[in-house]
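This report describes side-chain contacts in a protein model.

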Amino acid sequence: MIKNYFKIAFRNLLRNKGFSVINILGLAIGMASAVLILLWIRNEISYDDFHVKKDRIYEAWNRASFSGELRCWNTTPKVLARTMEKDFPEVEQAVRVNWPSNILFTVGEKRLTVKGNMVDSNFLQVFTFPLLQGNAATVFNDMHSIVLTETLAQKLFGKEDPMGKMIKLDNKDNFTVTGLMKDPPNNTRFTFEYLLPYSYFRSQGSDDENWGNNSIRTYVLLKPNASVDAVNAKMKVLKPRYDKDEPKWEMFIYPISRWRLYSSFTNGVEDNSGRIEFVRLFAIIAAFILLIACINFMNLSTARSEKRAKEVGIRKVVGAQKTSLVSQFIGESILMAFLSGIVAVIIVLFTLQPFNRLVNEKVAIDFGSPIAWLAAIGFIIFTGLLAGSYPAFFLSSFRPVQVLKGSFKKAHALITPRKVLVVLQFTFAIVLIICTIIVKQQINYAKDRQAGYNKNNLAYHFLTGDLEKNYELVKNELLSTAIASSITKTSSPLTESWSDGWGQEWEGKDPNDKTDFYRYSQDGGLGVTAGLQFIKGRDFDLEKYLTDSTGMIINESAWKVMKFKDPIGKTVKDNGVEWHIVGVIKDFIMTSPYEATRPMLISGPKSLWFNTMLIKFNEHSSTADNLKKAEVIFKKYNPEYPFDYKFVDEEYALKFEEEKRIGVLAGIFAGLTIFISCLGLFGLATYMAENRIKEIGVRKVLGASVTGITTLLSKDFLKLVFVSYILAAPIAWWAMHSWLEDYTYRVQINWWVFVIAGILSILIAILTVSYQAIKAAIRNPVKSLRTE
């Protein structure tokens, strides 16, 4: 019997090649799209899930009030780790990890700039990063030891055994390789290529016991069965115990399982948003795309119902039960799903690499995993059941007498399952069209926002190696050769904030004020170099004003906070230094272009904290020529380090990457949804043409024109699209309104977006159904009326 079912199924596939190809292609595209999204979702929810002790690993966070808002962040004082080990019996171990550092590695003639971390010696005992060589308990016993990843070891030493080899770091200290580690997986927050011991960090004078210096990440391993609530109760009062100036400052520990997806807080409380919103969004998109592909299958299968009706009638007459017919049709749909699954796998393999580039991840199908194979088979069977359920019950419900008489059809019913399914398809497609347009608008809106400085020909270079020592020589030569028109030394790139703080003092300050200011430093000339706009006062000029070493420039937002009538000459005390204000600049965007600018303090050279040089290249020379000449000068004064410059406009553009990624993905999936939906509409048009063929013949005999018949046949589909639009518009508005609420600086949702989406959907529908409508309208009425 099963063999007979397969024979019939294959014969039907071959007999209706066109419909079979459309069915398989529609299902395959839907399945491939769903698989890609599900692979990404699996990668997201598995972040840092591989650590053996994951159930006991937590991260220390701060919670404190600034500018009337309770904020949470995950950088902590360096002293916290040892304090928790000493004061909390529930803590088994605590680990400090510094911010990733780019360090020059030198091995013989090889020089590489490599990113990694400095960690406490127990890091590899808390986190599961397996060593291929070396002992996790002893690899960091010496402060000049280093652990390399497998890939970095191959870059430095090729096929040689790296253990015991020497590496010079930053052209200063020699380190011995004491451990070789497997490359970290892509689904972890840690992205290091090397690990150095924290003891070396301490030897460089970078450690401190200042409870106000939140500059490192602290991870905690609790003892088995330890109470998280008990630890958090102690954490809540820990900082006030050691820092009497902060009586309301709280700390807490946050589980590893929530780091990636849930670490978003509003007014001190986890708000259940963050990346989990993207996961939920794309899970819904995956479900709908698969559902739409299945709806397509249903529509195309039932559209051909007349071809199978007599077969069903005869089978029932000779004794076939409804259950056997349902089983047969379900089997056919599962077979179709398996064929679609094969095509879907091929599509996934061809699109996986560009998809990874788009989402900036490294998702893959593990063909060696039995679980992956079982999941794939289950997914295909589920798809087959979902797609084939309605056609199976629909076809098996035909009554033999009506079927053999040819009187079972209800072509003109106001509401039919097929119409409902098409409405559902186009509703989702129109929602995605509207969302794609608004996401694009939001990106452009933020891009068009004035940055507050001139990004053209503006670049920066970190003060690596001898650059800090030879800064004046490099600066003078770049200016004297007209390669650059202006240069200044700064604490960080212009597009990043590396420091912020509170507790500053000024005349007339409200005792309850706790404003958090961005801190920035420059040695003079930032205004002309970056094109900042001064609204009061001037830039630093040490040649004219020696006192500018303790000068300060504030932005408009800081002026509003300080409430000075005239800020010029006023004193601000910060970090033990009394700075005098010499200028006020317009606010400029340092961090997110979607958020309001924050108060900023720019201090003079006495800050002694400089990490970058900001260069305004000569606009009258070509960029390539400027860079070529600049590289010669940098190599002259800093020969051991590469000329590693970055243009500010390119770095600024990176701020839009996440939103651009969402927009592109939404656009791609909107396109796929529309394509699959059009296949469904094509199926319904085919069904309509087949069931109204006699009516069309009669109308033509009575003098109806091709245009009139085409309009008659098309208007029913336009009604369905209009209903879809009415449903989609409020859904899309609500979704985009909710999404935009996360941005302080956001676009308004305009009415014309919905008009464009409506016109597009109608045009797409007309183009889709016109082929079948025109084909039916121009058919010879003699053949139509002679059909039976």
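## Salt bridge between Arg-82 and Asp-120

Arg-82 and Asp-120 form a salt bridge (a side-chain nitrogen of Lys or Arg within 4 Å of a carboxyl oxygen of Asp or Glu), with the closest N and O atoms 3.3 Å apart. This pair links distant parts of the chain, 38 residues apart: Arg-82 is in helix α3 (residues 80-87), and Asp-120 is in the loop between β6 (110-119) and α4 (123-126). Helices (H or I, at least four residues) and strands (E, at least two) are DSSP runs, numbered from the N terminus. Arg-82 is partly exposed at 31% relative accessibility, whereas Asp-120 is buried at 6%. Buried means under 20% relative accessible area, exposed over 50%, and partly exposed in between (1.4 Å probe, protein chains only).

The model is predicted: local features need pLDDT of at least 70, side-chain atom pairs count only at pLDDT 80 or more, and totals for chains, interfaces and linings use all residues. Residues are numbered from 1 along each chain as its sequence is written, and side-chain values use heavy atoms, with hydrogens and water left out.

## Other salt bridges

The count comes to 34 salt bridges. In one of them, Glu-250 meets Arg-63, with the closest N and O atoms 2.9 Å apart. Glu-250 belongs to strand β13 (residues 250-255) and Arg-63 to strand β1 (residues 57-66), 187 residues apart. Glu-250 is partly exposed, with a relative accessible area of 21%, while Arg-63 is buried at 19%.

Asp-548 and Arg-538 also meet in a salt bridge, at 2.7 Å from N to O. Both lie in the loop between β21 (534-537) and β22 (551-555), so the pair ties together parts that are 10 residues apart in sequence. Asp-548 is buried at 0% relative accessibility, and Arg-538 is partly exposed at 26%. A network of salt bridges links Glu-44, Arg-260, Arg-275, Glu-361, Glu-658 and Arg-661.

## Aromatic pairs

The structure holds 44 aromatic pairs; rings of Phe, Tyr and Trp (its six-membered ring) pair if their centres lie within 6.5 Å, with planes under 30 degrees apart counted as stacked, over 60 as edge-to-face and the rest as tilted. Phe-66 and Trp-249 are edge-to-face, at 6.1 Å centre to centre and 85 degrees between the planes. Phe-66 lies in strand β1 and Trp-249 in the loop between α8 (238-242) and β13, so this pair ties together parts 183 residues apart in sequence. Both residues, Phe-66 and Trp-249, are buried.

## Charges over rings

Arg-449 lies over the face of Tyr-745, 4.3 Å from the ring centre; the criterion is NZ of Lys or CZ of Arg within 6 Å of the ring centre and within 35 degrees of the ring normal. The charged end of Lys-509 sits over the ring of Trp-506, at 5.0 Å from its centre.
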